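Please look over the sequence and the structure first, then read the points below.

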Amino acid sequence: MKKTIIDLFEQSVAKFGERPFLLEKHDGEFRPTTYKECKEQALNIGAGLVHMGIRPKQTVSILAEGCNNWIISELGLLYAGAGSVPLSIKLEEANDLVFRLRHADVKAIFVSSYQLAKVRRILAELPDLKHIIVWGDTALEANETSLESVVAKGEEYLKEHREAFMAIGRSLQNDDYATITYTSGTTADPKGVVLTHRNYTANVEQALSVV
């Protein structure tokens, strides 16, 4: 039976749409984002990526601290049919980041303002990296785009192409790549560990069976 991450998320939105999905602290208090709100935000981001030229089976990376934007952006890129290449903020740009971004043929990267300098320092070594999408309030350079701009592009794109965009997520199959996660590479070059959509959803089902 087909059951991708998008399938599982859509089922949860249908069942728990108005319930909190994420909590994040702002101005001293935790504020909820519902399942339905997360879906709409993810669709806007995913559609923005498609508008920018990201195509199914291409790879998009995330280099940032843990936050709501991470989860929503990853859902967005999955809706766009892309695969995620998550990167630890502990990685150094000189070797670690360059190798991973080249090896995974990453076309776009979401990066927090705190990690942006790392990407800027290695950009000349990454000719295939076409889009740098920045989270947070910071001055942008010519080749960078704010997350808000991507969301705005996605909102406009969905007005005319919503059904075509939604079809991308629905077309995902169990064996499609969801993420490429790299090993530490302490004794040799890091190895890219490919995890499919079904790898993740099967883990969820197995975990629920013992909860």
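**Helix H1 against helix H2**

The axes of helix H1 (residues 5-16) and helix H2 approach to within 8 Å and cross at roughly 140 degrees. The two helices are therefore oblique to each other. The model is a predicted one, and the points that follow are grouped by topic.

- On the H1 side, the contact is made by Phe-9, Glu-10, Ser-12, Val-13 and Phe-16, and on the H2 side by Tyr-35, Lys-36, Cys-38 and Lys-39.
- Sorted by class, the residues of this contact between H1 and H2 are five nonpolar, one polar and three charged.

**Helix H2 against helix H3**

- Helix H2 (residues 35-52) and helix H3 (residues 68-79) have axes that come within 7 Å and cross at roughly 55 degrees.
- H2 and H3 are therefore oblique to each other.
- The crossing of H2 and H3 is right-handed.
- From H2, the residues Cys-38, Lys-39, Gln-41, Ala-42, Leu-43, Ile-45, Gly-46 and Leu-49 take part, and they meet Ile-72, Ser-73, Leu-75, Gly-76, Leu-77 and Tyr-79 of H3.
- The contact of H2 with H3 holds nine nonpolar, four polar and one charged residues.

**Helix H2 against helix H6**

- The axes of H2 and helix H6 (residues 147-170) come within 5 Å, with a crossing angle of roughly 90 degrees.
- An angle from 65 to 115 degrees counts as roughly perpendicular, and H2 and H6 are therefore roughly perpendicular to each other.
- The H2 residues that meet H6 include Lys-39, Glu-40, Leu-43, Asn-44, Ile-45 and Met-52.
- Among the H6 residues that meet H2 are Leu-147, Val-150, Val-151, Tyr-157, Phe-165 and Ile-168.
- By class, this contact of H2 with H6 has 14 nonpolar, five polar and five charged residues.

**The chain as a whole**

- The protein chain contains seven helices and nine strands.
- For 211 residues, a compact globule would have a radius of gyration near 17 Å, and the value for this chain is 17 Å, which agrees.
- The C-alpha trace spans about 45 × 40 × 40 Å along its principal axes.
- Of the 211 residues, 46% count as buried.
- Taking contacts between residues at least 6 apart in sequence, 60% join residues at least 24 apart.

- Lys-107 belongs to strand S5 (residues 106-112).
- Buried means under 20% relative accessible area, so Lys-107, at 18% relative accessibility, counts as buried.
- Beyond its neighbours within four places in sequence, Lys-107 contacts Ile-54, Gln-58, Thr-59, Asp-128, Leu-129, Lys-130 and His-131.
- Trp-70 sits in helix H3.
- With a relative accessible area of 17%, Trp-70 is buried.
- Leaving out neighbours within four places in sequence, the contacts of Trp-70 are Ile-62, Leu-63, Ala-64, Glu-65, Pro-86, Leu-87 and Trp-135.
- Trp-70 and Lys-39 are separated by 31 residues in sequence and by 13 Å in space, C-alpha to C-alpha.
- Tyr-182 is part of strand S8 (residues 177-182).
- The relative accessible area of Tyr-182 is 12%, and Tyr-182 is buried.
- Not counting residues up to four places away in sequence, Tyr-182 touches Val-85, Phe-99, Arg-100, His-103, Ala-104, Pro-190, Lys-191 and Gly-192.
- Tyr-182 and Ala-42 are 140 residues apart along the chain, and their C-alpha atoms are 25 Å apart.

**Positive phi in loops**

- Asp-27 is not a glycine, yet has a positive phi of about 50 degrees.
- Asp-27 is found in the loop between strand S1 (20-26) and strand S2 (29-34).
- At a relative accessible area of 73%, Asp-27 is exposed.
- Asp-105 likewise is a residue other than glycine with a positive phi, near 55 degrees.
- The loop that holds Asp-105 lies between helix H4 (93-103) and S5.
- Asp-105 is partly exposed, and its relative accessible area is 34%.

Methods. Residues are numbered from 1 along each chain as its sequence is written. This is a predicted model: local features need pLDDT of at least 70, side-chain atom pairs count only at pLDDT 80 or more; totals for chains, interfaces and linings use all residues. Side-chain values use heavy atoms; hydrogens and water are left out. Axes are lines fitted to C-alpha atoms, for helices over the stretch in contact, and angles run from 0 to 180 degrees between N-to-C directions. Helices (H or I, at least four residues) and strands (E, at least two) are DSSP runs, numbered from the N terminus. Angles under 35 degrees count as roughly parallel, over 145 as roughly antiparallel, 65 to 115 as roughly perpendicular and the rest as oblique. A crossing is left-handed if the near helix is turned anticlockwise from the far one by less than a right angle, and right-handed if clockwise. Contact means heavy atoms within 4.5 Å. Ala, Val, Leu, Ile, Met, Phe, Trp, Tyr, Cys and Pro count as nonpolar, Asp, Glu, Lys and Arg as charged, and the others, Gly among them, as polar. The radius of gyration is taken over C-alpha atoms; the globule rule is 2.2 Å times the number of residues to the power 0.38. Buried means under 20% relative accessible area, exposed over 50%, partly exposed in between (1.4 Å probe, protein chains only).
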